Amino acid sequence: MVARVAGVFNEQLTEAIANSKILVVGAGGIGCEILKNLVLTGFPSIEIIDLDTIDVSNLNRQFLFHKEHVGKSKAQVAKDSALSFNPNVNIIAHHDSVISNDYGVSYFKQFNIVMNALDNRVARNHVNRMCLAANVPLIETGTAGYAGQVELIKKGLTQCYECQPKAPQKSFPGCTIRNTPSEPIHCIVWAKHLFNQLFGEEDPDQDVSPDTADPEAAGDAGASALSAEGNTAGNVERKSTRSWAADTNYDAEKLFTKLFGDDIRYLLSMENLWKKRRPPTPLVWDNLPGKDDAPIQHSGLPDQRVWSVHECAQVFASSCSALQKDLKSRPEGDHLVWDKDERSAMDFVTACANIRAHIFNIPLKSRFEIKSMAGNIIPAIATANAIVAGLAVLRAQSILKGEIENCTSVYLRPKVNHRGQLFVPERTLTAANPKCYVCAPKPEVGLACNLKALTLKDLTSAFKEGLNMQAPDATVEGKGLVVLSSEPGETDHNNDKTLEQIGLNDGCALLVDDFLQNYEVRVRLQQEDEEKSWRLVTDADTPMPAPKEEEKSANGSNGGSSGNDPKPGPSRPKEDSESDMEIVEEDDDEPTMKPPKRRRTAMSDEVVELC
């Protein structure tokens, strides 16, 4: 390999490479290129972590994978393929989540350099904190189309991944999703929520039934429905969507009739909703558009053809059957996790989204388009991945040579700027934000909320969503009183109590730590009567993103819940190593980065406001 060829590297670098150990997190588009470069350069000891499996859609740019590898572990196949280039390298592959307890600070300390090739903000945050705790250099990489970036993160020397506030996840009003969708993305979010209600982790904030509390409806429909549901004791008995579906044995026709017939007719009874809108059209299982149409010839790829409503219904039936079978095969109480690369799950969302779109007079989309929107897929270009991976390995060589001051951030432009530059480097290392609540010497952040309304369960959500913690514990500063424990059941009895009820007041300071991340931060509580949710504040003038009310849609990869009331954080998504983060650079003399539009793996973390 290159490091063994005399004269290519100086003796210092050759010896440093020979004695180095590298961790690569992510085995997708960039991860494959990084692994190949490391192996061909002659790095002798490499470990690679990726939880994902190979999908057909990966094959156009993740060149270590081939058709026969579909369904297998990305990390393991990447290892096997890379060893064909250089069988003398010791590669250890982990088909696992980097957030797992198995990869603590002591694990990270054994590496000379960690190289990130992820597109998942939760995983990026975690690796960032682990590298800070272990004091190991982290090389962060990412691409979006033809643009890309390579950035060094080193404790005490550069800014960390969380030094600059990330744009908050854009959200959809819950009543729009449930009652009045107007765009394809609204139907896709609804379909993903339906998947969770039927097969995934049930979340009351992802209800797909008509929203009787919609302020715009302002009619008697909701009240009459509630009145009709009352039992003899005067209580309202409700059955979860999954329990009802299980009682029907997931009968596709019965599910279809309720979701796309009965529920739509109920929406029509909310007459105020349709005074200025075109009303939806309920569907009947036995009389669907396209049933008698001749097959349409399509010259493109099968996934690029838009299915008829009748075809969607057939796919809905088959995917329900497959998903029910998968759910039954799991232990009692377990659930499915939506994955864009799992055929039945993707078919289900495509079919349901398009059926609902037809009902609300919204253009239908192909499976390919819906997959891109539902999985938050940024187009990936193989050449951009290769360029960024090459730059990353060059930065690794500079670190091993002790030239860390030369490892400034480099931006790959989609096209040359006015000075003819395709690569735009920063002039100096970017200093850490002294107000950063992660890498500052004494991390501190304010939490503005209404202590009379925010519950302990909501506070947990704030720590997980706002501070990106995995297992937060909180004690009152100076008193040692345990307010929140990550140990199951220890503080659960207080979940529904407000912060005021458990003795917390304005100005109270909490010491919050996450043992999984070896991270601790001081959180100051700030009473704000008008605050309906919560928000992080690093100083008096710079509020941090929080789940505030937003009117427009688009969804993001690594966020949290949003709305008038604070909601529990989303379940932890897995790392996804496709088409990593996007970066945008400026043309000015001193390049600066525009606010990054980073995203998370699955729309399982899409944010929905409750109206």
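## Notebook: strands, turns, cysteines and a surface patch

I began with strand β6, residues 147–153. Seven of its seven residues are buried, so the strand is largely enclosed by the rest of the structure. I note here that I am working from a predicted model.

Entry 1. I looked up which residues point to each side. On one side I found A147, Q149, E151 and I153. On the other I found G148, V150 and L152. Both faces are covered, and these residues are all buried. I note that E151 is on the side that also holds A147, Q149 and I153.

**Entry 2. Neighbours of β6.** Which strands pair with β6? I found β5, residues 138–144, joined to β6 by seven bridges. The two run antiparallel. I then checked the hairpin of β5 and β6. Two residues lie between the strands. In this hairpin G145 takes a positive phi near 65°.

I also found β8, residues 410–412, paired with β6. The sense is antiparallel, over three bridges. Here Q149 stands opposite Y411 in β8. Q149 is also one of the buried residues from my first entry.

**Entry 3. β11, β13 and β14.** I moved on to β13, residues 509–514. Strand β11, residues 472–476, pairs with β13 in the antiparallel sense over five bridges. I looked up what faces D473 and found D513 in β13.

β13 also has β14, residues 519–527, as a partner. I counted six bridges between β13 and β14, which run antiparallel. D514 has Y519 in β14 as its bridge partner. β13 and β14 form a hairpin with four residues between them. In that turn I found N518 with a positive phi of about 50°.

**Entry 4. Asparagines with positive phi in loops.** I looked up N249. Its phi is positive, about 60°, although N249 is not a glycine. N249 is found in the loop between α9 (241–247) and α10 (252–268). Is N249 buried, partly exposed or exposed? N249 counts as partly exposed, because its relative accessibility is 46%.

I then looked up N361. N361 has a positive phi of about 60° and is not a glycine. Its loop runs between α12 (343–359) and α13 (367–374). At 32% relative accessibility, N361 counts as partly exposed.

**Entry 5. Cysteines.** How many disulfides does the structure hold? I found zero. A disulfide is a covalent bond between the sulfur atoms of two cysteines. I checked C439. Its sulfur has its closest cysteine sulfur in C163, at 3.4 Å, which is too far for a bond. The cut-off I used is 2.5 Å between the sulfur atoms.

I also looked up accessibility. C439 counts as partly exposed, at 24% relative accessibility. C449 counts as buried, at 0%.

**Entry 6. A nonpolar patch.** Which residues make the nonpolar surface patch? I found I387, V416, L422 and F423. The patch covers about 290 Å². I followed up F423. F423 lies in strand β9, residues 423–425. At 36% relative accessibility, F423 counts as partly exposed.

Conventions:
Residues numbered from 1 in each chain as written. Predicted model: local features only at pLDDT ≥ 70, side-chain atom pairs only at ≥ 80, totals over all residues. Heavy atoms only, no water. Buried < 20%, exposed > 50% of the residue type's maximum accessible area, 1.4 Å probe, protein only. Pairing = 2+ DSSP bridges. Patch = residues over 30% accessible without salt bridge, like charges linked within 9 Å, V, L, I, M, F, W, Y side chains within 5 Å. Areas by Shrake-Rupley, 256 points an atom, 1.4 Å probe, with all protein chains shown as cover. Salt bridge = Lys/Arg side-chain N within 4 Å of Asp/Glu carboxyl O.
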